Structure formats: C-alpha cells, structure tokens
Amino acid sequence: MRKIVWFFIKLNYRIKTRILKINFKLLFGKKLQYGKKLFFRKRFHIKIENGFIQIGSFCFFNNDCSINSLNEINIGNHCIFGENVKIYDHNHKFDSKGLIGEQGYKTSKITIGDNCWIGSNVVILSKANIGKNCVIGAGVIVNETIPDNSLVTMEKNIKIVKRIYEK
C-alpha cells in the first residue's frame, strides 16, 4: 500500500512540474532555458524582467524556492536546492538622499557551477559566482566568488558594516 501511495505522490509532482514548465515557457519564452530532468516542488517561482535564466540538466528545487532576474542567472547541471532558497541578480540602489524604492537597481550576473548543493534558507545575491562541486550551508547569504570544491557555512554573529543615514 505504501508503495502505491508514494507512486501517486511522485506522479502528482511530475504532472504539476510539466504543467508549470509549459507555463514558464509560454510566459518567458527565450528568456528562460532549462535542461532535461528539471524538478521542483511546491511554490517554485521564477520572475524575469529584462533578464535571462539558464538552468542545467538534472536540477532539483525544493519547496518555496524563487529565482528573480533583471540581468542573468546561470545554474549548472546536477544542482540541488533546499527549501526556501532565494536567488536575486539585483539589489536596490540606496544612498542617504531620496526614497530607496525610487532609486532603481544595481544588477550583476550570477553563476552557480555544476554539482552544487545549496542548503535551506540560502540567499544568493548579485555578483555571486559559486564554483563547481560546492556545498552552501543553511542560512548563508552569498554575494561573492566561492571557489570550486568549497564548503560554506554561516557565522553565528552579524556584523554592522556601516551606518548609512548618519548626519
């Protein structure tokens, strides 16, 4: 009985995945490319505005992942993403003058190499370049180059870089 239940659960995911892939292709056309065997679970979101997203073959995205592009995001083959991973190739511009929401965005390409495991609640920001065979631990925020074959974990403390609205 258990095997039958699991069969139908997997079949349900595969049908929903195929329908969503068709919707993505209709919505984004050539702005989105993906290889064979792309799988994702519930609440997987893609948003492309003037950008481009390429996802390699044999990639898996767990629940609540999102990819947001104003520039370019490239994801290699055989990558797996934990729950609630967020990928943004842009950041708000901000300075001490004016409203942040009206200052526009800074964009930069993101690359994730082949055979990477991105843990739950990871945020990948513009300028991130993650090498091949990397493991990014849960809760890490990535906005720089990570060399091939790296394990990245989160520090326990936050660091205040500078105060931006001092007079």
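## A parallel sheet, a helix and a core

Strand E6 (residues 66-69) and strand E9 (residues 86-88) run parallel and are joined by three bridges. This comes from a predicted model. Across this pair, asparagine 68 stands opposite tyrosine 88 in E9.

E6 and E9 belong to an open sheet of five strands. The order is E3-E6-E9-E14-E17, with parallel pairing. Which strands form the edges? E3 and strand E17 (141-142) do, as each pairs on one side only. In general, strands of a sheet pair through backbone hydrogen bonds, either parallel or antiparallel.

Next comes helix H1. The helix has 27 residues and reaches 39 Å from its first C-alpha to its last. That is close to the 39 Å expected at 1.5 Å a residue. Four of its residues, Thr17, Lys21, Phe24 and Phe28, are buried. Their cover includes strand E1 (32-34), strand E2 (39-40) and E3. Glycine 29 follows H1 and has a positive phi, near 55 degrees.

Now the core. The largest nonpolar core has 34 residues. Phe61, Ile75, Phe81, Ile87, Ile112, Ile124 and Ile130 touch the most other members.

What does isoleucine 75 contact, leaving aside its neighbours within four places in sequence? The list is Gln54, Ile55, Gly56, Cys59, Phe61, Ile67, Phe81, Ile87 and Ile112. In soluble globular proteins, nonpolar side chains tend to be buried together.

Note on methods: Residues numbered from 1 in each chain as written. Predicted model: local features only at pLDDT ≥ 70, side-chain atom pairs only at ≥ 80, totals over all residues. Heavy atoms only, no water. Core = buried A, V, L, I, M, F, W, Y, C linked by side-chain atoms within 4.5 Å. Buried < 20%, exposed > 50% of the residue type's maximum accessible area, 1.4 Å probe, protein only. Contact = heavy atoms within 4.5 Å. Helix = DSSP H or I, 4+ residues; strand = E, 2+ residues; numbered from the N terminus. Expected span 1.5 Å × (residues − 1). Pairing = 2+ DSSP bridges.
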